[in-house]
Each structure stands twice: as structure tokens, then as C-alpha cells.
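Please look over the sequence and the structure shown here before reading on. The briefing is arranged by topic.

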Amino acid sequence: MDLFLNLAINGIATGMLIFLIACGLTLIFGLMDVLNFAHGGLFAWGAFVGVWAYGITQSFILSMLAAVIAGLLLGLITEYLIIKPVYGNHIQQILITLGFMLVLSELIKVVFGPNILAASKPPYLDGSWEFGDVTVIKYRALIIVVGLLLFLVIMAVLKFTKIGLIVRAGVMNKEMVQALGINIRLVFIGVFMVGSALAALGGALFAPSSGVAYAEMGMEFGIFAFIVVIIGGMGSVPGSLVAALLVGLSNGFMAYYYSDLAMAVTMILMFIVLIFRPEGLFRVSGVSNK
Amino acid sequence: MIKTIQKSTWIYIAVAFMLVLLPFFKDERWFLFLMIQVFTFGIFAMSYDLLLGYTGIVSFGHAMFFGLGAYSIGITLNFLESTFMNLFLGILLALVLGGIVAFFAGILTLRLKSHYYAMLTLALASLFLVLAEKWRSVTRGSDGFTFRIPELPGPLQDHRNLVVYMFCLVSMVLIFFGLRRLTESPLGKILVAIRENEGRVESLGFRIMPYKVIISVVSGVVASFAGVLYAISIRFVGTNVFGIDVTLDALLMTIIGGVGTLVGPIIGAGIIEFAHHYLSDLSDVHWIFERWIILFGIVYILAVIFFPAGIVGTLWHKLAKRKHKKQEMKQKTSDKLAS
């Protein structure tokens, strides 16, 4: 029981991190039909900026804030330099964002040095709580809480605010929103920046939990995020949460029992979804996948 | 008979003939090796062009076919005796495996938007990379392994590199003409039509899926063969053949050379391989050259934005324009004469 719960908590924490990348990806796709292959790179940047800021300020909150700001800025730069010039051309978008992904991860090596950075947790988040025979690692609990809170905030913003209404309407039919006199491009830039910031925050949260930050983690988690977006359904935020938890949990359990098969199980999950429900578990009306 | 052969074919044959003669004038080892790389990656990039240039499919995991080919031949020759029979067997295995993987990747995602194929292949390639690292008893993990290629009879053994050079060159030329024939066939025309306007092709009564799957299988098989040649030329297989930079190389070669031209990717392969070679020498001069992926990444992004037709594409465009102008001029003068 103890083992089961620990593995489950571990898996949920991983799932939450993947969700932070995937929800930006899915909204960006739903809004503008843009699939940003560079999104994982922001995860890695968040991790490095977080570790660097923590080293300077010794404050966990400030390091998270630094990562979020870096994410917002990088999101703006990406949108302006990379997405805008090839706006409307799918194949060029896919090609160019992959190129930018590689530039982003190589730039990390230029800015922060080619070596793996060690990341540490603040003392008050180190250690674990014991409930009977169940041990809960404090930091993982923090990731889960932060992830859930962010999910609730995103859903509340989408459901109950005017901006959320515009974004949801834009996902369904952007031409209509545009026709109603709303500058959809501005909305898109905003969503792009917030999505990038969420990915960066995910990276900053991940680094202390694994103890290291390395440039290749962007690609690794980026691939997980793509799988999650496919499983959850393009454009759906709740879908990406459910799919991220599914992937996180299956990965967590498999990594313990047959670590070699962890990736394969995730892929099999995706294959099953692609065969039987290619539009994903949660279909959003208006977002076509054809 | 001869008249029906296109003028460009003669040019290609002449260039191929010069490449046959080239090693007799410049036979340094590094040069031969570099040219072999150009040929293998030329084949690889052509297979990429079939998808990207002719059909408008983006694959981000093309390295998996390359790696499958390399590992197939390596494992066959490593575990079985190193004979020509087994070499042939290994090549056959590579082609069949490449085709099967391409078929399943195709039927899973090609009915969906182009993003899906890109994502799926990216994920599949990373799965193969993990497999190659973890299945240590067969692949020797990240250390990789060397293997022997069968000995050639008699005096040829002393000129082994030359034989490999010729083999790769002949393969490239044959594959080039084969693929060109394919793209000029009715099938190829339909593929281009799909790239230009999928809905219209569908409304004309064609089923799109089978065409896309066929081309993805052809591309996978050719890419797998390129992997075989690569492994034979360096007689070593490591996990790097599944790496994302192999896919990126193919992308760069195709885009810089010219998308949808077939000869462009070969020229791109030449440029990139020689640039690799000379840039790595420059790393003593400035550290930025050690991080050459950044340079290539930036060149690649700029090429996608400002230079989407590539070298060959732009040239063809200019030639076509000039021809058009000439014809216009002729028309005008004849009009004047008539009036």
C-alpha cells in the first residue's frame, strides 16, 4: 500500500509538470492552429533560469518568479520572431518551430555553460511527511498542489472572465471572434506568452525535484507534452490534465516495475487513442484534426 | 528513342560520370570518406524530400528509418558470419523493417493534420533511441559496436574504400533516377496535387490516404537503405544514428538544397557535409564554431523564412522566368512583324 501510494504521488507530480507544458500547447493550437515544437525548450529555459535565480537570491519564490518572467519574455520573442513571419503556412510553422527548439536548447549551453546544473530545494521544502506507513515527499506534494491550483485558476479564467470567454470562442471559431471586432492576434500573443510562462514555471518546479537541470530535458518533456495533447484532444485544457495524469501515472508505475518499458507504455497509450479516437479523449468542437 | 530522354538527364549522367572519375584524381582517405557521406546523406535527404517536398508531409523522426537500417545491417553482420549472403540478408531486413514501421506510422496519423505525423514520428524516433540504449544484449547500448564487412575477392580488398565509394555513388544515381521516374509518374502528380490542395484532390474522386501511405513507405525504405550505406561506410553502429540531429541534417539539406526538386537535397547534402568538415576545424579559432548546431539552426530558420525554395528551387524559378520572358519577347516581335 505504501509503495502504491508513493508511486501514485510520484506519477501525479510528473503528470502535473507535463500538464503545465501541455496546457499552453493545446490552447495555442486551438486558438491559432499553430503547433509550437519549441514549447519544450521553454521548459528547459525555465529550469535553468530558476536554478540560476535561486543561486543568487536564495529565495524559492523569487526563483519561480524569475522563471515565469523569462517564460513571458521568451514567449513574446518566439511569437514575434518565429511564428509571425510564417503565419498561416502550416508546414513552414512546423519546420521553423523545430529549428527554434534546437536553437533554444543550444543557447542554454552558451548562456549557462555546457554542463548539467545541480539544483537544490529550499530547506523548508526538503524532507517528507509521514502518515502512518505512508511517506509523502514534501516537494512532490508542493508540485501537485501548485499544478492543481494553476489548473483551477486557468479553468476559472476561461469560464468566468471576459478574456476567457474570448479565448474559448476563439478556439471554436476565430473568424467569428475577429468579425465581432476583437483583435484575435493580440489575444493570441497573450495566450502564447502565458502558455510559455506556464511551461517555464513547470521547468523551474521540475529542476529541484530531480536535482539537476540539463538542456536536453526540453526535448524529453516536449515529446511527453505532444503525446499528452494527442491523447487529451487538441484545444482542451481539462483533456490535457487528464491525459497528463494518465501519462504521468503509467510512466511512474512502469518506471518502477519495468523501467525499460516506461516510454513504450506511453506510446502504446497514444497509439490506442489514435486508432480508436483520433480526435483525443476530450473533443473540442470547432477544432478540427483533419 | 534518344530524343525522348530529357536534356537534364544528360547533364545528370555527365555529372555522375565525373564523380566516378573523381577518386582517381583526388584519392585522400578523408576526401573519399566525405564524399561517401555526401552520397549516403544525399539518398537520405532525397527520401525526406519525397515527403516534405512532393507530398507536404513533415516527419521529425526520419532518423528512425536511418537508424533501423544501420542497426539491421550491423546486427546481422555482427551475429552472423560476415559473408555476402548475410550482407544481402541484412539489407533486405533493413528495407522490410523500414517499410513496416513507415506503414504503421502512416496509417495511424496520415488521415489527420500534418502536425500529427510530425509529433508521432518525433515520439517514435525517441522510442527507438531508448530501445537502442536499453536492449544492450543486441545493440551494446550507447557504446555501439563495430562489425566487419565481407572481404572482397583478390586485389579489390586493397581498394576497399574505393569500392564502397563506387557502391554508394551507383546507389545514389540509381535511386535518384528511380525516384525521379516515380515523381513524374501519375502517382507523383497526384502527390503534388495533394500537397497543393488536398480537398480538391479528394473531390476529384481520389482517396488520399493510400497515396500518402505509399509515399511514406517508399520514403521509409529509401531512408533505411541510406542507413545501411552509412553503417557499411563507417563499419560501426552507435545510438547516434537515431538522434534528432540526423533528422535535422536531412531537413537542412532538403531545405537549403531545394524542396521538391530531388537534385536539391543531394546538393544540400554536399554543402552541409563539407560545411561540417570545415567548421569543426574552425573550433580552434572561436568557441562559437564548437556549437555549430546554433549556426545551423539559425541558418535553417532564416532559410525557412526568406529562402523557402532553396538553391535549386530558386535557380529553376529564375530559369523559368527567363524562358518566359524570352518567349514573350519573341511573341512581341512576331506581333510587330505581323502588324
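The model described here is predicted. Chain A and chain B bury about 3,800 Å² between them, and a search of the whole structure finds five salt bridges over all chains. The count of disulfides over all chains is zero.

**The interface between chain A and chain B**

- The contact involves 42 residues of chain A and 36 residues of chain B.
- Of the area of about 3,800 Å² buried between the two chains, carbon and sulfur atoms give 80%.
- Three residues, I94(A), L95(A) and E106(A), supply 15% of the area that chain A buries against chain B, which is more than any other three residues supply.
- Across this interface there are zero salt bridges, while two residue pairs are in polar contact, both at pLDDT 80 or more.
- On the side of chain A that touches chain B, at least two residues come from each of the helices α3 (60–83), α4, α9 (217–232) and α11 (262–276).
- Helix α4(A) gives the most to that side, with 15 residues.
- Sorted by class, the side of chain A that touches chain B has 32 nonpolar, five polar and five charged residues.

- In general, side chains of opposite charge can pair when their charged atoms come close.
- E79(A) and R185(A) form one salt bridge, with their closest N and O atoms 3.2 Å apart. This pair links distant parts of the chain: E79(A) belongs to helix α3 of chain A and R185(A) to helix α8 (residues 184–210) of chain A, 106 residues apart.
- Within helix α4 of chain A, K109(A) and E106(A) are three residues apart, about one turn of the helix. Their side chains form a salt bridge in which the closest N and O atoms are 3.2 Å apart.
- K109(A) is buried, with a relative accessible area of 18%, which places it under the 20% cut-off for that class. E106(A) is also buried, with a relative accessible area of 8%.
- In chain B, the side chains of E198(B) and K212(B) meet in a salt bridge with an N to O distance of 3.4 Å. The pair links distant parts of the chain, as E198(B) is in helix α9 (residues 198–203) of chain B and K212(B) is in helix α10 (residues 208–234) of chain B, 14 residues apart.
- E198(B) counts as partly exposed because its relative accessibility is 38%, while K212(B), at 7%, counts as buried.
- Salt bridges that share partners join E106(A), K109(A) and E216(A) into one network.

**T97(A) in helix α4**

- T97(A) is located in helix α4 (residues 90–112) of chain A.
- With a relative accessibility of 0%, T97(A) counts as buried.
- A polar atom of the T97(A) side chain lies 3.1 Å from the backbone oxygen of I94(A).
- Leaving aside residues up to four places away in sequence, T97(A) touches L35(A), N36(A), F37(A), A38(A), I82(A) and I83(A).

**Cysteines**

- A disulfide is a covalent bond between the sulfur atoms of two cysteines.
- The structure holds zero disulfides over all chains.
- C23(A) is buried, with a relative accessible area of 2%, and C168(B) counts as buried at 1% relative accessibility.

**Backbone angles in chain B**

- Most residues other than glycine have a negative phi.
- R235(B), a residue other than glycine, has a positive phi near 50 degrees. R235(B) sits in the loop between α10 and β2 (236–237) of chain B, and is buried with a relative accessible area of 18%.
- L262(B), likewise a residue other than glycine, has a positive phi near 65 degrees. L262(B) is found in the loop between α11 (244–257) and α12 (263–281) of chain B, and counts as buried because its relative accessibility is 1%.

Note on methods: Residues numbered from 1 in each chain as written. Chains lettered and ligands numbered in written order. Predicted model: local features only at pLDDT ≥ 70, side-chain atom pairs only at ≥ 80, totals over all residues. Heavy atoms only, no water. Helix = DSSP H or I, 4+ residues; strand = E, 2+ residues; numbered from the N terminus. Buried < 20%, exposed > 50% of the residue type's maximum accessible area, 1.4 Å probe, protein only. Polar contact = N/O pair within 3.5 Å; in protein donor to acceptor, adjacent residues only side chain to side chain. Contact = heavy atoms within 4.5 Å. Disulfide = S-S within 2.5 Å. Buried area = accessible area lost by both parts, 1.4 Å probe. Salt bridge = Lys/Arg side-chain N within 4 Å of Asp/Glu carboxyl O. Nonpolar A, V, L, I, M, F, W, Y, C, P; charged D, E, K, R; others polar.
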